[in-house]
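The following note sets out several points for a colleague who is reading the structure. Please consider the points in order with the model open.

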Number of protein chains: 2
Amino acid sequence: IKYYQLGDFELQSGEILPAAYIAYLTYGSPTNPCVLYPTWYSGTIVAGNEWLISTPEHPRRALDPERYFIVVPALFGNGESTSPSNTTGPKGGVNMPKTTFYDNVKAQHQLLTQGLGITDQIAVLGWSMGAGQAFQWASQYPDMVKLAVPFCGSARTSFHNWVFLEAVKGAILADTEGYCSGRYMEEKGKQPLVGLKTLGRVYAGWGFSQAFYREKGFEKYYGIEGIERVMVEFWEKWSTSKDANNMLHMLWTWQHGDISAQPLYAGKALKGIQGKVLIMPCDNDLYFPPEDSQIEKDYIGDNAELKVIKSIWGHWAGGPGDSKEDVEFLDDSI
Amino acid sequence: IKYYQLGDFELQSGEILPAAYIAYLTYGSPTNPCVLYPTWYSGTIVAGNEWLISTPEHPRRALDPERYFIVVPALFGNGESTSPSNTTGPKGGVNMPKTTFYDNVKAQHQLLTQGLGITDQIAVLGWSMGAGQAFQWASQYPDMVKLAVPFCGSARTSFHNWVFLEAVKGAILADTEGYCSGRYMEEKGKQPLVGLKTLGRVYAGWGFSQAFYREKGFEKYYGIEGIERVMVEFWEKWSTSKDANNMLHMLWTWQHGDISAQPLYAGKALKGIQGKVLIMPCDNDLYFPPEDSQIEKDYIGDNAELKVIKSIWGHWAGGPGDSKEDVEFLDDSI
């Protein structure tokens, strides 16, 4: 894991994020064409994004370090880049200034150009919030992005998606006793476990599709029997491994996702994209439905292509490598 | 509002619900054919189910009191029939024994046959948990139900639906401070408001479809502008008008909805239905998707018909009268 120091970093809001940094990983040689592959909601760069990256064990994945220089940067708030959980002082913890996709992409641009000396055009691809960053890159640095591949994500967070996230947020905030207005570490020395578990259960109905549960995907793919055990062994296990303020920080970024909310554009950001865009939603995704992707494709125009992943996995179709068929579909498409 | 006394009522679990009663309303003359029209999750019989009932102002609705004897019974736990909120003593409040659809329908059967002297066949129709009761009736008293019309509901609660309800339940339980293990009235003299508000926000993403939010149905139909105001003025307003233990009681009933879980059947309850069944799901319903209804129709066989409500309203398509076009579709179909 490497770190790029951003110094006192000015955010879109005007606030300063003091001594900010991005955590990142690279694969392959910097002499090859660069592929940027940012993280998703709660995703990490260590044991996080590798499901599309070729390895000796899985030599035929889309992103081959023999051919590309793959850079995986961590989102602000994911616990690896500057985050509530690793920042102390007056702007640490729950008081860390909010960051947008714009801020993340600006920081990543600095990492690539100033930190890694990349001057050629790049490809950006990502799942979910990673897709949000791919869209953001293509509109924020249109002449630098040759190809963007957002899968299971959007250029602007829809109302319905925002509403779904209210439920995720509410799960933590409802645990007033455990969350302590965000000062749980200072006051209790531990995470708000009730809230984090609830977050897992709230997410459970959204992450996988109705069809996934109907066909008992949890048994078939994870070997978990019984729906209550799926809650505990899959969803709560995931959510309780996270920091509550980090989850709320990234959630804020997601809720405010909107590539037109930047100086360059006034509601026409999709038209400003110059590179090619391959948009891949999953037909059963409950919070990034393919209808939204279709609308975004229509706005972008001829340089965009829509390719729907047909899968019962729902949002997890693009997800962290559990759905092997869908990963193959992605590999073949990219 | 009328009450039918059930006395000490034995539940499917073997537990006794002491001095139990059903609250109900009737419309029209008991000499006409009987239509039973049970309530939905959180629904009440006062200002609750009337959107399909003809009135002087709305004379052309499906259920005409001039032609039918309409009986609207309240679910156990809805606050009108025996409920945590209106029961004191050792089996009151959070300690009220859990009730199933089987129990509700057994009690309603007693009301109709012994209380109201109805011996002819009846029609049963209902939305959501009302649909669950319609299915339950058709299998529990197959020779008494001539026609069942379940809309936006199911005969057995699916895994995904169960998971969605975990989130609804979690909203209240996460508010450990306000909920006080269910003794909020005894210990604090007030409802767990944080939890109930969260419940409203959790429900918000499920009740209306993605398309409804995309097309700003909240502005168009309710005149509410801005998505945060929809949370407060629609969803929190609804959820904070309820009692937390009542909501959890009915939720348990819903999660355990399964018409095959009764002495009469072993996994084949749908085949035991003798009357006609008109199943009407909404194509955009996120927790009772039409695919599930199709499966149930196939099990029932020739006496079942599936008619999909095409609507952006999602679950609310069959819902409490807000979607006027969908109500007309229902009226015309019944």
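**Note on the sheet and its surroundings in chain B**

1. In chain B, strand 5 (residues 122-127) and strand 6 (residues 145-151) run parallel and are joined by six bridges. Two strands are taken to pair if DSSP finds at least two bridges between them. Helices (H or I, at least four residues) and strands (E, at least two) are DSSP runs, numbered from the N terminus. The bridge partner of B:Trp127 in strand 6 of chain B is B:Phe151.

2. The model is a predicted one, in which local features need pLDDT of at least 70 and side-chain atom pairs count only at pLDDT 80 or more, whereas totals for chains, interfaces and linings use all residues. Residues are numbered from 1 along each chain as its sequence is written, chains are lettered from A and ligands numbered from 1 in the order in which they are written, and side-chain values use heavy atoms, with hydrogens and water left out.

3. The open sheet of chain B is formed by eight strands in the order 1-2-4-3-5-6-7-8, with mixed pairing. Its edge strands, each pairing on one side only, are strand 1 (2-10) and strand 8 (304-306) of chain B. From one strand to the next, the twist averages 20°.

4. Helix 2 (residues 129-140) of chain B lies across strand 3 (34-36), strand 5, strand 6 and strand 7 (276-279) of chain B, and runs at about 150° to strand 5 of chain B. Helix 11 (residues 290-300) of chain B also packs on the sheet, where it touches strand 7 and strand 8 of chain B; its direction makes about 155° with that of strand 8 of chain B. Contact means heavy atoms within 4.5 Å. Axes are lines fitted to C-alpha atoms, for helices over the stretch in contact, and angles run from 0 to 180 degrees between N-to-C directions.

5. Over all chains, the structure holds 82 aromatic pairs. One of them, B:Phe9 with B:Phe76, is tilted, at 6.1 Å centre to centre and 50° between the planes. The pair ties together parts that are 67 residues apart in sequence, because B:Phe9 lies in strand 1 of chain B and B:Phe76 in the loop between strand 4 (69-73) and helix 1 (101-115) of chain B. Rings of Phe, Tyr and Trp (its six-membered ring) pair if their centres lie within 6.5 Å; planes under 30 degrees apart count as stacked, over 60 as edge-to-face and the rest as tilted.
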